[in-house]
Amino acid sequence: MPLTKEGEEKPTRTPAAIGWAEEEESSGRSAARRAGRVAIWLVIGLAAFTGVRTWIFPAKPPAPVEKADPQAEAKKNDVPEAEAQEVAARFARSYMTWNAQDPDTRAKELGADLAKGTDPKLGWNGAGVQLVAQTIPGTVTQVGGKRARVRVDVRVSTVTNNGKGQQTATSWRGLEVPVAQGEGRVVVTGQPAIVGMPTAAGYTAPAAPEADLQLSGETRDTVRDFLKAWAAGSADQAAAPGADIQPLGAGLALDSLDSWAVDAGSGDKRVGTASVRWQLGGAQLQQTYQITLIKVSASSASRWQVAAVTAKTA
């Protein structure tokens with residue numbers, strides 16, 4: 001204990017004497033402090049690793065990558081199909097038409113669809129006479145580079161043996177016409193080629209449905225009377241109300257209803273098959289129709305009438 005000026009001991013002040021005392025830190029606080037320090041160091045480490053600039057100015061996400069469509073890219077080099085068929089059909093008519101007495105007309109017509117600088121004779125020797133009655137454009141085969149081949153079927157009439165023994169032979173010819181996308185339009189690029197015509201193909205028709213013999217007999221006269229009126233141009237009087245059946249036109253007459261069979265079934269709407277023989281152009285022409293009947297009721301009576309007539313699908 002320290003001494004005073006008078007030599008007396010001065011009392012020493014303890015923490016308790018001044019009102020405070022040391023307390024041990026709780027385990028919870030200590031853990032929280034340590035966790036906070038760890039978090040701060042983690043943030044500092046992350047900033048050092050990624051760079052502070054990326055936090056302030058984050059990188060823009062990459063633009064989505066568009067997947068290329070090979071078919072779409074290929075079509076960019078295709079010749080417009082509708083225009084190619086139109087040009088090829090017109091060209092085929094002029095190309096397959098010739099007359100030794102008037103070669104200039106053919107050359108002028110061909111020149112309108114040929115690429116500039118192409119010889120309009122295109123291999124013709126300037127002889128003979130041939131006419132075209134019809135052209136039917138078909139398949140367009142794209143070959144790339146804005147080029148294509150167009151199939152055209154041509155109905156031609158060839159004149160032989162000039163003079164009193166003159167004869168005309170008519171036939172179909174297949175033609176492939178080379179075309180390309182030119183300056184603003186489709187043009188023919190050179191000589192076409194005569195190719196073969198399709199041959200017959202086999203087909204097995206499905207089995208015919210069973211017939212309702214009773215209803216077939218009951219409605220046979222109804223169908224025959226309708227066909228007579230149809231040929232005479234008065235189908236509206238014999239058809240069912242609301243039926244939309246177009247007239248056949250003049251020059252046709254019913255020769256006979258060779259057969260009529262209603263398909264087995266039920267209800268007020270039935271379908272049948274009619275084999276009809278027409279008189280037309282000095283000849284008889286047999287045809288097969290699918291005829292739809294509906295039952296029409298008025299007061300207490302009902303009857304079958306024709307509602308539709310179409311070609312028979314085998």
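Helix α4 meets helix α5 through F91, S94 and Y95 on the α4 side and R106, E109 and L110 on the α5 side (contact: heavy atoms within 4.5 Å). By class, this contact has 3 nonpolar, 1 polar and 2 charged residues. The model is predicted; local features need pLDDT of at least 70, side-chain atom pairs count only at 80 or more, and totals for chains, interfaces and linings use all residues. Residues are numbered from 1 along each chain, and side-chain values use heavy atoms, without hydrogens or water.

**Helix packing**
- The axes of α4 (residues 81-95) and α5 (residues 103-111) come within 9 Å and cross at roughly 165°.
- That makes the two helices roughly antiparallel (angles over 145 degrees).
- The crossing of α4 and α5 is left-handed.

**Aromatic pairs**
- The count comes to 6 aromatic pairs (ring centres within 6.5 Å).
- F91 and Y95 have ring centres 5.9 Å apart and planes at 15°, so this pair is stacked (planes under 30 degrees apart).
- Both residues lie in α4, 4 residues apart, about one turn of the helix.

**Confidence**
- The protein chain averages a pLDDT of 86, and 81% of the residues score at least 70 (pLDDT: the predictor's confidence in each residue, from 0 to 100).
- Among the elements of the chain, α4 has the highest mean pLDDT (98) and helix α2 (residues 52-56) the lowest (57).
- Where pLDDT is low, the predicted coordinates should not be read in detail.

Notes: Axes are lines fitted to C-alpha atoms, for helices over the stretch in contact, and angles run from 0 to 180 degrees between N-to-C directions. Angles under 35 degrees count as roughly parallel, over 145 as roughly antiparallel, 65 to 115 as roughly perpendicular and the rest as oblique. A crossing is left-handed if the near helix is turned anticlockwise from the far one by less than a right angle, and right-handed if clockwise. Ala, Val, Leu, Ile, Met, Phe, Trp, Tyr, Cys and Pro count as nonpolar, Asp, Glu, Lys and Arg as charged, and the others, Gly among them, as polar. Rings of Phe, Tyr and Trp (its six-membered ring) pair if their centres lie within 6.5 Å; planes under 30 degrees apart count as stacked, over 60 as edge-to-face and the rest as tilted.
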